[in-house]
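The tour goes stop by stop.

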Amino acid sequence: MVKEKNVILGGCGGIAAYKACDVIRTLKKEKFNVTCIMTEEATKFIAAHTLQYLSGNKTYIDIFDLPQEMDPAHISLAKKADIIIVIPATAHMIAKLSSGLSDCLLSCTILATEAEVLICPAMHESMYKKDVVQENIKKLKRRGFKFAGPRKGTLLSGKKGLGHLEKSDVIIKKIKDILK
């Protein structure tokens with residue numbers, strides 16, 4: 001019997017947050033166990049209940065919630081993960097991770113994990129192309145973080161540009177490839 005893979009899906013505060021729902025649904029259909037962590041900003045774009053219902057597991061937000069286990073939430077989630085995916089990954093989260101900052105449950109969990117981390121950026125093209133964002137991405141890649149996207153698409157401004165979240169099927173394939 002093949003062990004069920006544990007996916008921690010971290011959501012950040014960007015308009016593409018709703019697209020995590022499709023990824024969760026597909027992962028669940030393919031027998032992955034999905035647990036979600038949301039940044040406080042992500043809750044402004046999508047309800048935690050939505051991710052909890054789709055994943056079938058508790059959705060975590062606050063680093064100060066008391067865990068049911070003896071390990072703090074970020075440690076128990078970090079140990080549980082076979083892979084952590086960040087969808088959408090904002091410029092803010094990419095900067096925090098590249099600097100080793102851990103001021104929220106998601107960044108603490110990523111810092112504490114030994115699992116692979118897949119970053120799925122989504123932001124306006126003007127932000128994505130900034131030198132500092134590109135430097136942060138290069139730094140994370142050198143540290144072994146994996147990336148899916150972004151791609152060209154229609155942005156929130158209505159313009160076409162680079163910064164659109166990668167397609168769900170491409171993200172799912174990348175997850176499977178990483179877990180092989």
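How many salt bridges does the count come to? The count comes to six, where a salt bridge is a side-chain nitrogen of Lys or Arg within 4 Å of a carboxyl oxygen of Asp or Glu.

Before selecting anything, note that this is a predicted model, in which local features need pLDDT of at least 70, side-chain atom pairs count only at pLDDT 80 or more, and totals for chains, interfaces and linings use all residues. Residues are numbered from 1 along each chain as its sequence is written, and side-chain values use heavy atoms, with hydrogens and water left out.

**Stop 1: salt bridges**

Select Asp103 and Lys96. Their side chains form a salt bridge, 2.7 Å from N to O. Asp103 counts as exposed because its relative accessibility is 54%. Lys96 counts as buried because its value is 7%.

Next, select Lys129 and Glu125. This salt bridge spans 3.2 Å, N to O.

**Stop 2: helix 8**

Select residues 168-179, which make up helix 8. Helices (H or I, at least four residues) and strands (E, at least two) are DSSP runs, numbered from the N terminus.

Show Lys173 and Asp177. Their side chains meet in a salt bridge at 2.9 Å, N to O. The two residues sit four apart in helix 8, about one turn. An α-helix has 3.6 residues a turn, so residues three or four places apart point the same way. Asp177 is partly exposed, at 36% relative accessible area.

Now check the length. Helix 8 has twelve residues and reaches 17 Å from its first C-alpha to its last, close to the expected 16 Å. That expected span is 1.5 Å times one less than the number of residues.

Which residues of helix 8 are buried? They are Ser168, Ile171, Ile172, Ile175, Ile178 and Leu179. Look down the axis: these buried residues fall within an arc of 125°, so they line one face of helix 8. The arc is taken from the directions from the helix axis to the C-beta atoms. On the face turned away from the buried side, find the exposed residues Asp169 and Lys173.

What covers the buried residues? The cover includes helix 1 (20-29), strand 4 (83-89), strand 5 (116-121) and strand 6 (146-147).

**Stop 3: Val7**

Select Val7 in strand 1, residues 6-11. Val7 counts as buried, at 0% relative accessibility. Leaving out residues up to four places away in sequence, Val7 touches Leu27, Phe32, Asn33, Val34, Thr35, Ile83 and Ile85; contact means heavy atoms within 4.5 Å. Pick out Asn33: it is 26 residues from Val7 in sequence, yet 6.0 Å away in space, C-alpha to C-alpha.

**Stop 4: backbone details**

Select Ile87 and Pro88. A cis peptide bond joins them, with omega about -5°. Pro88 is in strand 4.

Move to Gly149 and Pro150. Here too the peptide bond is cis, with omega about 5°. Pro150 lies in the loop between strand 6 and strand 7 (151-154).

Finish at Lys31, in the loop between helix 1 and strand 2 (33-38). Its phi is near 70°, a positive value in a residue other than glycine. Lys31 counts as exposed, at 63% relative accessibility.

Key: Buried < 20%, exposed > 50% of the residue type's maximum accessible area, 1.4 Å probe, protein only.
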